Amino acid sequence: MCGIVGYIGSRVATPVLVEGLHRLEYRGYDSAGVAVLRRGRITVTKAAGRVRDLRERLAESAPSPATVGIAHTRWATHGEPSDRNAHPHLDAEGRIAVVHNGIIENAEQLRAKLVADGVELVSETDTEALAHLIAAELATAPSLEDAVRAALRGVEGTYGLVVLDRTRPDELVVARNGSPIVLGVGDGEMFVASDVAALVHHTQRVVFLDDGELATVSAGAYRTSTLDSRRTSKEPTTVDLVADDYELGGHSDFMRKEMYEQPEAIARALRGRLDERFATAHLGGLGLDPMALRAVKRVKFLGCGSAYYAGQMGATLVEELARIPADAEPASEFRYRNPVVDPDALYVAISQSGETLDTLAAVQELRRKGGLVIGAVNVVGSAIARECGSGVFLHAGPEVSVASTKALTNMTVSFAMLALLLGRVRDLSAAAGQRIVTGLRALPERVDEILAGESEVERIAKRFAHARHMFFLGRVRGWPVAREGAQKLKEISYVHAEAYQSAELKHGPLALIDAEMPSVVIVPEDELLAKNIGTIEQIRARGGPVIAVTNADLPDGLADEVIRVPRGEPELDPILLTVPLQLLAYHTATALGRDIDKPRNLAKSVTVE
Ligand code: F6R
């Protein structure tokens, strides 16, 4: 949600800024804008809609040779998506331009005060208030940085922002509190962004700002300080991401690319972390020695959406392998219900982006109450990774498609390693541990085999693409798989999909079964096989079509369609059973002509409540 790009250097700024916005499109937005500064004048161009609409708007006037500017993609929170509400926003004199991610919580009070002071507000946004406040502070502040600092003292809420002052063409001031800001260090030029995706085709040397930090950025330098005026010292780090990670590379869309990257992503997550000799896993980033691991009496996984379902898979793995109680809860519910924080529990905050506000708030609540919380995060340097301080990085590589695939898979793979580690410091035998290690090592090849069966899943998806509703059913290991399958289908195809525990079907939802209601039933080869076969029979007896997703040998003719998955270690079945459901959702959405990577109303990073 929302994206920021800034540039200062010797290149013409507009193309750099617009290209940067294009690279942030995947995050989700509904308007875009750019402001450039030249000869004491700030020129702002905005457009509701896509970055291509902004490009068209820019093409209507002569290109500016300005070499400094800021740009933004906006996901509407205060006020509708419109040219007027799009960023950048200016103060009354057109001296200050601001782009801002996050939400100013006391915006109403700030706006009311500005109006009372005679300021005419032209937008409905919280951000416009910032431009006026900073401009007012400039009357007395010795520098732009001081003016920004002073203005932010009266601001409550979250922000990542960049400020341009028409009287200071040689600097940008940026600030961060709760919304990421990263500086890209070039050769005689500097970039600013809310996401490294906008920078990596220019530079891999980056500086992540911390919450409560500001920076003044010029073409050849930067200096950082805190909101209370203490200097901070930040060395650039090198990110191992390259521009190709954000390119389609011959694929039709990012979801397909990312599904096919799964074998490689799993191998990366496992690299250096499996120990054959002691039949365990090494997760050095946890910062927990065997005694601390043994002291854990309970594990709770927290995440939102698919990350929550991955947490549910993780909880099952922990209970099975380590025999300690474990569960998962949506981070959003956790943060709002004044949770009882168990001093003997290990809390795991799960997030691909590392930016999801509800998950971040759950971590903050836990830390405030003295809970032991670690992160399971994909994006290094992200807010949740930093807030947790320790954990397990997912190493899935950048995930661009809104629908999570490889990151979710790597979450579950990481939880299998965590469960193995927790099990091996307890009673999981070396032989059982070795079985899991071998099963994990085999996963990339197994996922390859599933992907090789894509055309069969495509055929099945096309057969049922007309359905307006679908059930996804599973028991125990299959239950979070069913939930994730339903989630994938609804988010990219807009087909109503509902997940149920198989045994609950007969307590109500069975009434919905008829020829127009297909059910996807998850059937792992485990001790519940006979029960799952019974579920399929109950549905078919009522005329409901069934697609079975299984690694078991089912009786001939049991289901209308069977999607076969290779066998692995039973505890790891959820990882493999999830993959064909991605393909099913993908091909249903394709058959219905949906925009795969940018489903309507959704954003990749949900940084608002
Ligand atoms: C579904 C999906 C979302 C995310 C959720 C959490 O495919 O992508 O449900 O899983 O918004 O996002 P992260 O993992 O970035 O915290």
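Reader: How many residue pairs are in polar contact across the interface of domain 2 and domain 3?

Author: A polar contact is a pair of N or O atoms within 3.5 Å; within protein, one must be able to donate a hydrogen and the other to accept it, and residues adjacent in sequence count only if both atoms are side-chain atoms. Across this interface the rule finds 14 residue pairs, both at pLDDT 80 or more. The model is predicted, so local features need pLDDT of at least 70 and side-chain atom pairs count only at pLDDT 80 or more, whereas totals for chains, interfaces and linings use all residues. Residues are numbered from 1 along each chain as its sequence is written, and side-chain values use heavy atoms, leaving out hydrogens and water.

Reader: Which element gives the largest share of the side of domain 2 that touches domain 3?

Author: Helices (H or I, at least four residues) are DSSP runs, numbered from the N terminus. Here α9 provides the largest share, nine residues; α9 spans 306-322.

Reader: What is the count of salt bridges between domain 2 and domain 3?

Author: A salt bridge places a side-chain nitrogen of Lys or Arg within 4 Å of a carboxyl oxygen of Asp or Glu. The count is four. Glu320 forms a salt bridge with Arg477, with the closest N and O atoms 2.4 Å apart.

Reader: How much area do domain 2 and domain 3 bury between them?

Author: Buried area is the accessible area (1.4 Å probe) that two parts lose on being put together, summed over both. The two domains bury about 2,800 Å², 61% of it on carbon and sulfur atoms. In domain 2, Met255, Tyr309 and Met313 lose the most area to domain 3, together 19% of what that side buries.

How values were computed. Helix = DSSP H or I, 4+ residues; strand = E, 2+ residues; numbered from the N terminus.
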